[in-house]
Amino acid sequence: MELEFDKEIDALLRRSRPPDGRSASLNAATTHVTHLDADEIAAYSENAVPGSTRLRFTQHLADCDDCRSRLAFAVGHSLETATAVTTAVEPVDLGGVPWYRRLFSGPGLAVAFGGLILVFGGMLGFMMLSGGGDSNVASVFDTGAANSTNANAAMRSLEQSEVQSANAAASNSMSNTMASAPQSPDSSSTAPRTSAPAGGGRQDALLDGATLNGGEALMKPVAKAAAEAPPAPPPAVTDSTVGVTLSEAERSEKKADSDDAKEEVAQLQRQQNRNRDSLLMSPKQKIGPTARNQSQNQVQNLPEPARSRSARTVGGKTFTRRDDGGWYDASFTGQAMTNVRRGTEQFRKLDDGLRNIANSLDGIVVVIWKSKAYRIQ
Amino acid sequence: MSALAEKYKTTVDEAIAHLLSRAESSRDLTAESLTPRVVHALEKYLLKDNAHAEHQDIREFIYEIRVDDLCLILACERGDEAAWSELVATFDPTVKSAARKICSNAEDADDLAGSIWAELYGLRTDAAGNKKSKLAYYSGRGSLGGWLRAVVGQLAVDQFRKQSKFVQIEEDREFENLAESAAHSDNGLVAHSDNPEDAFTAKETSADVASALATAVRTLDAEDRLILKLYYFDDLKLKQIAASFGYHEATASRRLTRLQHDIRKAVERELKSRHGWTDAEVKRHLSDTANRLGVNLETMFAVLLVAAFLQEIAVKTVL
């Protein structure tokens with residue numbers, strides 16, 4: 001059992017100390033005993049006295065104040081003892097002055113007060129600095145993109161930003177239509193990009209289809225000009241805007257399907273609702289374990305793709321554009337495909353996610369969906 | 001060589017030769033030069049208490065001698081000026097540092113250091129005209145720096161004894177002084193009270209405690225008593241005490257705590273058996289004593305802090 005420091009006995013012993021630090025008295029038992037000389041005290045202080053002699057010295061020193069004082073002087077000012085002492089393996093809480101008393105000793109008190117001043121000064125400075133940045137903090141949180149812990153707020157902000165992007169896309173496309181000037185790919189793709197929500201690229205990729213569907217009709221003239229322009233550089237994977245380039249044939253087909261476009265707007269709303277739920281899911285969950293494993297396996301077996309000029313990630317799937325202009329799912333390994341044309345009843349019967357992917361990409365899209373290959377054109 | 005050392009002559013000679021061979025700088029000294037000093041140390045430290053020491057003990061004792069320091073001192077005694085210059089150059093800071101601990105100012109410390117060097121050099125001569133130098137007292141068992149510090153310390157004690165006006169030639173009175181000072185002080189064991197009965201009771205109580213404490217300390221063995229006094233009377237740190245006794249700092253800490261525990265047991269036993277105190281009285285009085293001693297200082301500082309803050313606030317408010 002480890003004993004604790006006894007502050008009561010410590011106090012009594014300290015009180016028993018003579019005022020001058022050592023007593024001027026002589027112990028009667030040592031008056032007729034030869035005192036220790038400097039050589040003996042030095043040897044004793046450095047533990048250099050043999051055992052039997054050391055015992056004799058100890059008995060004398062325990063009762064002789066003068067010799068003990070000389071010993072204390074030699075030990076207290078010994079440089080060798082200070083450097084020869086090995087530090088304890090574990091922190092030693094010296095059984096000396098308790099920590100709460102050390103605070104009130106001279107040097108300890110100064111250190112304590114200095115520390116307090118530093119702490120309070122730091123707190124005051126921090127409060128002053130933080131008080132000036134409150135407005136910036138509020139604006140950051142207003143976007144809703146940084147608050148990952150509040151999913152509802154994030155979803156609401158995304159919805160708002162999506163509406164804004166749709167409106168902005170509509171206004172931009174209208175202005176471009178009025179200008180009727182060939183638009184550079186950059187500008188055509190810039191407008192939706194700037195109105196893209198501030199969220200992550202993955203979220204934007206999921207919403208890309210919805211965004212495009214909502215403003216698709218208005219962007220047709222813009223897309224036409226973009227198609228006539230030089231090919232755009234491959235956009236970033238997380239690019240939220242989709243530079244849709246529809247072929248003229250498909251565009252004409254869509255003109256005939258204006259009613260379908262309205263229906264798709266409604267579907268867009270429904271898709272948005274579903275996408276809110278998907279925000280809470282991890283990317284791997286969205287892909288699905290089976291699909292993920294499948295894609296991993298298929299990636300390993302994937303033949304060397306044709307030289308692709310760009311790669312896109314839509315709906316968690318990676319598509320590469322091949323020489324024929326189509327977007328091919330990275331999971332595609334040449335299996336039999338089901339041909340589906342956009343705007344047909346068969347297309348409408350497809351899963352929403354599949355339709356969104358198809359609508360997010362232009363031209364021919366070959367996608368692996370639920371272990372089946374679809375060729376959507 | 002004394003009769004005691006004669007029987008170890010062969011062992012001593014061999015050990016001295018081996019010792020000299022280990023010296024970094026023998027300063028042209030021979031084994032014969034070292035023999036008198038080594039034999040004197042042998043008789044002083046080993047054979048005096050152990051006349052039948054083993055030859056191995058003799059060899060180990062001689063091997064532990066600080067041969068370089070001893071050769072330096074012997075060269076100085078022989079009149080080697082280069083050795084003396086080296087001695088002063090190397091250890092003058094040590095002597096001055098120790099002197100400053102005694103003297104109140106640097107000038108007095110330098111004067112004291114100068115007088116010490118003069119004593120070591122041997123400005124005085126004996127009847128035969130030989131220099132009387134304190135260097136002859138260095139045996140080589142401890143380090144030369146430690147020996148010089150001890151020399152300065154000896155001068156310090158001698159100086160204090162000359163200045164002291166109060167010398168008691170009787171039994172140790174530290175603890176009796178405790179009771180006496182406590183009786184005339186209201187910042188210790190005695191409660192400040194106008195009631196003469198309470199004052200008398202407090203005085204008697206303090207005397208009983210002091211007596212019990214003195215008895216408890218006397219019952220300790222020599223090393224424990226020495227440790228206790230070095231710590232409480234001489235303000236040595238546990239680290240320094242541990243180094244002197246050759247054990248670890250943690251060991252010294254545990255030993256001190258155990259000593260406190262033993263003293264408490266002894267004080268309680270003494271108060272109950274000899275002075276007739278009850279358990280409650282013992283516990284209450286020891287607790288009151290510690291609390292009174294401890295709270296006073298801390299309460300004072302706490303009050304000072306609060307007063308300083310209030311003053312600051314008041315000044316700002318007014319201004």
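Chain B contains 14 helices and two strands, where helices (H or I, at least four residues) and strands (E, at least two) are DSSP runs numbered from the N terminus. The model is predicted, with local features requiring pLDDT of at least 70 and side-chain atom pairs counted only at pLDDT 80 or more, while totals for chains, interfaces and linings use all residues; side-chain values use heavy atoms, with hydrogens and water left out. Residues are numbered from 1 along each chain as its sequence is written, and chains are lettered from A and ligands numbered from 1 in the order in which they are written.

Of the 319 residues in chain B, 45% are buried; buried denotes under 20% relative accessible area, exposed over 50%, and partly exposed the range in between (1.4 Å probe, protein chains only). Among contacts (heavy atoms within 4.5 Å) in chain B with a separation of 6 or more, 63% involve residues 24 or more positions apart. The chain exposes about 16700 Å², of which carbon and sulfur atoms supply 52%; accessible areas come from the Shrake-Rupley method with a 1.4 Å probe, and for residues only the protein chains shown count as cover.

Helix H5 of chain B (residues 67-77) is mostly covered, with nine of its 11 residues buried. The buried positions are B:Val67, B:Asp69, B:Leu70, B:Cys71, B:Leu72, B:Ile73, B:Leu74, B:Ala75 and B:Cys76. B:Gly79, which follows H5(B), has a positive phi near 100 degrees.

Over all chains, the structure holds 27 salt bridges, each defined as a side-chain nitrogen of Lys or Arg within 4 Å of a carboxyl oxygen of Asp or Glu. B:Arg225 pairs with A:Asp63 in a salt bridge whose closest N and O atoms are 3.1 Å apart. This pair joins two chains, because B:Arg225 belongs to helix H11 (residues 222-232) of chain B and A:Asp63 to helix H3 (residues 51-63) of chain A. B:Arg225 has a relative accessible area of 10% and is therefore buried. A salt bridge is also formed by B:Asp234 and A:Arg68, with the closest N and O atoms 2.7 Å apart. This pair likewise crosses between chains, from B:Asp234 in the loop between H11 and helix H12 (238-245) of chain B to A:Arg68 in helix H4 (residues 65-76) of chain A. B:Asp234 and A:Arg68 are both buried.

Within chain A, A:Arg321 and A:Asp362 form a salt bridge (3.0 Å, N to O). The pair links distant parts of the chain, 41 residues apart: A:Arg321 is in strand S2 (residues 317-321), and A:Asp362 is in the loop between helix H17 (352-360) and strand S5 (365-369). A:Arg321 is buried at 18% relative accessible area, and A:Asp362 is buried at 9%. In chain B, a network of salt bridges links B:Glu223, B:Asp224, B:Arg255, B:Arg258 and B:Asp262.

Surface patches consist of residues with over 30% relative accessible area and no salt bridge, like charges being joined within 9 Å and nonpolar side chains (Val, Leu, Ile, Met, Phe, Trp, Tyr) within 5 Å. B:Glu107, B:Asp108, B:Asp110 and B:Asp111 form a negative patch. Lys and Arg count as positive and Asp and Glu as negative, with His and the chain ends not counted; the place of a charge is taken as NZ of Lys, CZ of Arg, CG of Asp or CD of Glu. B:Glu107 is located in helix H7 (residues 106-121) of chain B and is exposed, at 62% relative accessibility. A nonpolar patch of about 450 Å² comprises A:Phe113, A:Leu116, A:Val119, A:Phe120 and A:Met123. A:Met123 is in helix H7 (residues 106-132) of chain A and is partly exposed, with a relative accessible area of 43%.
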